Amino acid sequence: MTTPGMPIGAPLPGPGASGGPDQPAVTESAAEVHVATKLEETAGPGEKEVLRVEDLTVSFPTDDGLVRAVRGVSYAVHEREVLGIVGESGSGKSVSSMAVMGLLPKSARIAGKILYRGDDLLTKSAKQQRALRGRKIAMIFQDPMTALNPVYSIGDQLAEAVLSHEIMPRKQAMARAEEMLGIVGIPQPKKRLDNYPHEFSGGMRQRAMIAMAVINNPDVIIADEPTTALDVTVQAQILETLVQVKDEVNAAIVLITHDLGVVAGMAHRVLVMYAGKPVEIAETDRIFYQPRMPYTAGLLGSIPALESGGAGSRLRPIVGTPPSLINLPKGCPFSPRCPLATDVCHESEPALAATDELGHVAACHHWDKLADVDDPTVYFRTESEAV
Amino acid sequence: MLVFIVRRVIVSFFILLAATFVMYLLTANAGNPLGDLQESRAPNREALIEARIRLLNLDTPAPLRYFIWLKGAAGCLVPFAMECDLGQNLQGQDVTALLGVALPQTLQLVIAATVLAMVLGITVGIVTALRQYSSLDYTVTFSAFLFFSLPIFWVAVLLKEYGAIRFNDWLADPSVPIGVAVVLGVISGLFWMIVISGDRTRRLTTFAAAFVASAGALWLLSETRWFEDPGLGIIVIAVTAVGIAFLTTALVAGFTYRNVLYAALASAGIGIVCHFALASVLDDPSGLTIVGLALVTVAVGLGLGYGLGGLQRRQAMQAAVLTGLGTGALLFLDRLLGAWDTYSDQVGGRVIATIGARTPNFDGTFWEQGLDRATHLILPTIAIVLISFATYTRYTRSSMLEVLNQDYVRTARSKGLAERGVIVKHAFRNAMIPITTLMAFDFAGVLSGAVITENVFGWTGLGRLFADSLRAVDPNPVMGFFLIAGTAAVLFNMLADIAYAFLDPRIRLS
Amino acid sequence: MSNPSTPDPGPAPGAAVAADAQGMTVVARTQAQMVRRRFFRHRAAMGGLVVLALIVLLAFSSIGFASVPGWWDKDYWSIATVENGGRPTLSVLPTWLGGSGMHLGEHPFGQDNVGKDYFALTMRGVQQSLTIAFVVGLVGTFIGTLVGATAGYFRGRTEAVLMRFTDVMITIPLLVIAAVLGRRYGSSGIVVLGLVIGLVTWTGLARLVRGEFLSLREKEFVEAARAAGTSARRIIVKHMLPNIVGVIIVAATLAIATAILLEAALSFLGFGVQDPDTSLGKLISNYQTAFSTRPWLFWFPGVFIIAIALSVNFIGDGLRDAFDPRQNRVRD
């Protein structure tokens with residue numbers, strides 16, 4: 001049955017996973033199940049890499065010292081693949097994606113490689129970067145309430161995305177905008193073109209943002225917490241729209257979220273970040289059922305479950321707070337909060353290394369301890385539980 | 001929207017009414033209007049006092065006297081139908097007549113200055129926001145604080161001494177000694193080095209280039225006795241016009257799509273051709289001719305943009321019109337300077353004036369009269385601009401920084417929009433929303449600012465009327481001035497609200 | 001300098017926990033410390049503070065104040081013979097640089113046309129300017145806060161009446177109303193003049209405070225205080241005002257800078273300080289025509305006005321940065 005601490009009633013099939021939803025859906029889990037079935041129907045990830053990030057580091061000089069926001073991130077995204085990036089706020093997930101978009105402030109110090117179809121974006125001129133931005137790599141932001149310019153109409157802002165990359169009569173761009181609004185599920189798109197953002201609801205604005213992101217048929221869509229600011233009921237709809245539109249334009253998605261429930265139904269693979277570094281990369285199923293990094297296990301334990309009874313219904317939170325990015329502790333940055341930590345953890349920081357399955361890497365000295373138990377969240381048992 | 005405006009008008013009207021009441025009481029209390037007569041030794045003292053009491057209704061208590069004043073003032077609401085009566089001054093002249101004489105002078109003085117301060121301040125504010133923490137930003141910030149802290153009359157006295165008296169002395173034998181040229185060159189070099197920041201090599205090259213260009217130009221102008229009869233010359237005009245074409249294109253469209261640039265260049269070209277083609281018309285035109293030519297320029301610009309604009313027709317039309325008007329302004333300036341020689345002879349070499357709005361009894365061609373006005377306007381304008389400019393710069397800078405931090409600016413960049421579009425389209429319009437309120441305050445406050453400027457520069461405008469009348473305890477002209485200043489304040493606040501609604505669709509509906 | 005766009009780096013781990021555990025007082029103290037730290041780091045503001053302190057010290061110690069005598073042996077009303085055309089005897093250039101050494105001389109800032117010591121006159125002017133600025137700032141801030149807080153807290157009819165009244169007052173340009181009041185009260189001494197000007201310069205702050213109060217009164221801690229039956233006066237003074245003290249202090253500073261220039265303008269027009277007393281604006285006004293012949297009569301008071309106004313403006317800017325660091329920082 002369900003793993004304790006899992007999101008409510010989530011069978012969570014990854015791409016190609018067998019067994020559909022066999023659980024009666026409870027409230028919002030309906031959306032996940034639904035999206036999940038959707039994903040199964042969609043075309044699976046292709047072989048070709050569209051985006052590859054190699055050893056990306058980003059730091060910001062501040063009055064108090066150098067903030068090392070990203071400390072060496074590497075990942076690859078294949079055509080049509082959905083890659084989930086999960087982490088707490090401050091883990092560097094947003095900063096690394098802003099680096100991919102080339103939207104970091106000038107003060108940021110960026111190193112490493114960001115390869116789009118083999119070309120390093122970091123060595124390109126500002127003009128070349130701009131030509132790719134919004135056309136090949138598009139982005140959807142967290143808060144649709146503030147991400148649209150309040151003084152221009154929706155149609156105007158959509159058409160602008162087209163006109164930034166291609167000179168064409170405005171009418172033609174508007175027609176394209178109308179078509180996209182229809183695709184993302186906004187009724188009466190022609191009328192809605194003249195509306196201003198404040199005349200749209202939150203969910204509709206996020207749909208408009210999705211339309212804006214895909215209007216130039218991009219290869220990669222970076223979705224930075226696309227549902228966090230929305231009502232729970234709307235979240236599911238937006239995720240569904242995202243998957244649907246991805247198929248429409250054959251794009252890959254980098255889905256950034258702090259919510260494991262969101263990636264559960266969407267992502268093919270998941271990358272977990274902590275303190276500016278990836279600490280575990282695996283297929284979505286493995287992350288949920290066989291995590292090999294205590295931090296991931298802790299995240300799973302932090303999700304409230306709705307089923308009553310049994311130890312599984314208890315929250316098993318991670319104690320403490322993430323470390324300061326200015327003064328990182330010696331050794332594994334998670335060690336101060338880790339129930340498995342030993343002396344070696346406080347001494348040396350583990351690198352990402354292979355675990356018991358091909359393609360599943362984790363940065364932990366003691367990943368095998370997690371392999372030994374059925375329920376990986378057991379290490380995060382609270383005192384009261386132990387008694 | 002209409003309901004919104006009507007409601008706003010009604011509220012404003014009552015606010016103005018209440019303000020006049022407060023002001024009337026204060027003015028009535030400001031001094032003893034009989035003071036001078038009571039101290040006089042004139043034999044008919046009693047009769048004079050009696051006459052003044054009747055003239056000003058002093059036998060009625062002030063709060064009731066207000067209503068007498070209001071009854072007369074109410075006539076001003078309905079032009080032609082009723083008589084506008086704002087009372088008389090101590091000499092028995094109608095206040096309406098006094099205001100009629102003073103108002104045009106004041107408007108002349110403040111409109112140009114305020115518009116100039118606004119355009120300059122907003123431009124500089126935006127540039128400093130875009131280059132936050134650059135040496136330019138620090139320099140402008142410091143200057144803005146300095147200008148904030150300058151008493152305008154103090155600046156005015158300095159301007160009169162150095163901008164007029166000593167400058168005119170120098171014009172008698174205008175030569176720039178080589179040492180002065182070098183010093184000015186260094187200053188210009190430093191200026192451009194700050195404006196064009198960059199790495200060390202770039203700063204040094206900028207400094208060197210600006211130094212050589214400025215010092216060289218000064219030396220050349222001095223050697224060719226340019227200052228005795230200044231003018232731009234067709235080559236300078238042509239080069240500048242092309243520069244304007246490129247600048248407007250860069251602002252409205254960028255250079256990826258060439259048609260906009262072609263339209264702007266064509267507009268500049270036609271302007272230059274007109275310099276020769278219209279030479280005879282422009283020898284001594286009337287003001288109407290100039291207005292007509294400006295309208296023709298706009299029409300031609302629109303036509304050029306429409307014809308040559310291609311896929312970016314709208315931008316091309318904007319660029320062509322702006323370039324055309326810019327070129328026209330250059331030609332105008334050239335003609336004005338062309339009158340310098342004869343004008344200078346007529347005023348005995350004292351070209352820059354320190355007092356008044358016009359040279360008394362001056363008569364000449366359109367250009368000579370224009371130059372006469374310009375030379376009288378220039379110093380007070382600089383004084384006003386210096387002070388207002390600082391406010392606009394600071395407000396625009398902080399408003400722009402606030403907007404640049406907004407999520408939608410990031411969204412605009414993420415679409416791949418060029419930086420020009422991000423700034424000009426997305427950031428600028430949002431940053432302007434709070435600035436409209438400032439503009440309203442500034443426009444309204446400028447009339448009271450004129451009180452000082454007019455007193456220093458001897459203009460007989462509204463501000464002078466106010467100060468003189470207040471000094472003489474002459475209540476009716478003081479109230480007349482306030483009626484205009486207060487109406488302006490209320491009116492511009494209302495306009496700001498409407499502009500606000502126009503700029504921000506969120507307000508429009510509610 | 002710039003704040004990085006790291007997604008919520010968050011406060012240092014310890015601080016957040018401590019603040020949560022011990023409630024508001026801890027947060028308030030750390031905030032005050034941060035404000036102080038930011039202010040002391042603001043170089044221009046520190047410069048302004050030092051210059052202003054020196055000017056205050058100089059003005060009040062040199063010729064004394066009220067009945068307390070100062071160290072300067074001349075006063076600003078005694079008429080004397082004009083020596084050497086009234087030229088300043090101040091010298092700051094050391095002899096080894098070709099100057100005549102550093103000394104004050106008999107009349108460091110020269111003499112006016114009837115031989116009064118111009119240094120003493122200027123110092124008197126500085127005293128007057130500082131006094132009026134201080135009084136205007138105090139009165140204006142007090143009334144503005146009172147009106148704004150009352151309107152913002154009580155809402156309803158109280159608010160309507162107070163804010164309409166504010167609208168009426170704001171319609172009258174400051175210089176105009178100040179001139180009319182100055183015409184009447186200018187001769188009653190600087191403190192009275194300051195009081196009446198303060199009575200009309202509170203409008204901007206009232207609007208500002210009201211706006212802040214409108215949003216504050218919806219906050220939970222205010223609701224809680226109300227639910228606990230705390231009196232309105234106590235809620236306003238103890239719970240709400242401390243939260244906007246930054247806004248008020250910054251506005252007060254800027255009001256002081258405005259008041260200095262306003263007094264100068266009034267005295268220049270003849271509606272401010274009256275004879276036999278003097279002020280910086282009056283000195284400039286008196287000697288503006290003497291600029292070509294005796295420029296020092298014009299320069300000294302002018303430089304002091306600018307130095308005071310500039311210092312106060314810089315202090316205000318430093319305070320604003322300290323209280324609201326977000327204002328001048330770009331995130332991305």
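**Exercise 1. Work out whether A:Arg286 is buried or exposed, then find its salt-bridge partner.**

*Solution.* Start with the accessibility: A:Arg286 has a relative accessible area of 10%. Anything under 20% counts as buried, so A:Arg286 is buried. By the way, keep in mind that you're looking at a predicted model.

Next, look for the partner. A:Arg286 forms a salt bridge with A:Asp356, and their closest N and O atoms are 2.9 Å apart. Now place both ends: A:Arg286 sits in helix α11 (residues 284-289) of chain A, while A:Asp356 is in the loop between β11 (353-354) and β12 (361-362), so the bridge ties together parts that are 70 residues apart in sequence. A:Asp356 itself is partly exposed, at 42%.

**Exercise 2. Now try chain B: which parts of the chain does the salt bridge between B:Arg358 and B:Asp372 tie together?**

*Solution.* First check the distance: the two side chains meet at 3.8 Å, N to O, which passes the cut-off of within 4 Å. B:Arg358 lies in the loop between α14 (340-346) and α15 (366-404), and B:Asp372 lies in helix α15, so the pair joins parts that are 14 residues apart in sequence. Finally, compare the burial classes: B:Asp372 is buried, with 0% relative accessible area, whereas B:Arg358 is partly exposed, with 34%.

**Exercise 3. Describe how chain C touches chain B, and say which helix of chain C gives the most residues to that side.**

*Solution.* Get to know chain C first. Chain C has 13 helices and 0 strands, and buried residues make up 48% of its 332 residues.

Then size up the contact. It takes 47 residues from chain C and 51 from chain B. The area buried between the two is about 4,600 Å², with carbon and sulfur atoms giving 70% of it.

Now for the polar side of things. There is 1 salt bridge between these chains; B:Arg394 and C:Asp317 form it, at 3.6 Å from N to O. The interface also has 7 residue pairs in polar contact, with both residues at pLDDT 80 or more.

Last, sort out the helices. In chain C, α5, α6, α11, α12 and α13 each supply at least two residues to the side that touches chain B.

Note on methods
Residues are numbered from 1 along each chain as its sequence is written. Chains are lettered from A and ligands numbered from 1 in the order in which they are written. Side-chain values use heavy atoms; hydrogens and water are left out. Helices (H or I, at least four residues) and strands (E, at least two) are DSSP runs, numbered from the N terminus. Buried means under 20% relative accessible area, exposed over 50%, partly exposed in between (1.4 Å probe, protein chains only). Contact means heavy atoms within 4.5 Å. Buried area is the accessible area (1.4 Å probe) that two parts lose on being put together, summed over both. A polar contact is a pair of N or O atoms within 3.5 Å; within protein, one must be able to donate a hydrogen and the other to accept it, and residues adjacent in sequence count only if both atoms are side-chain atoms.
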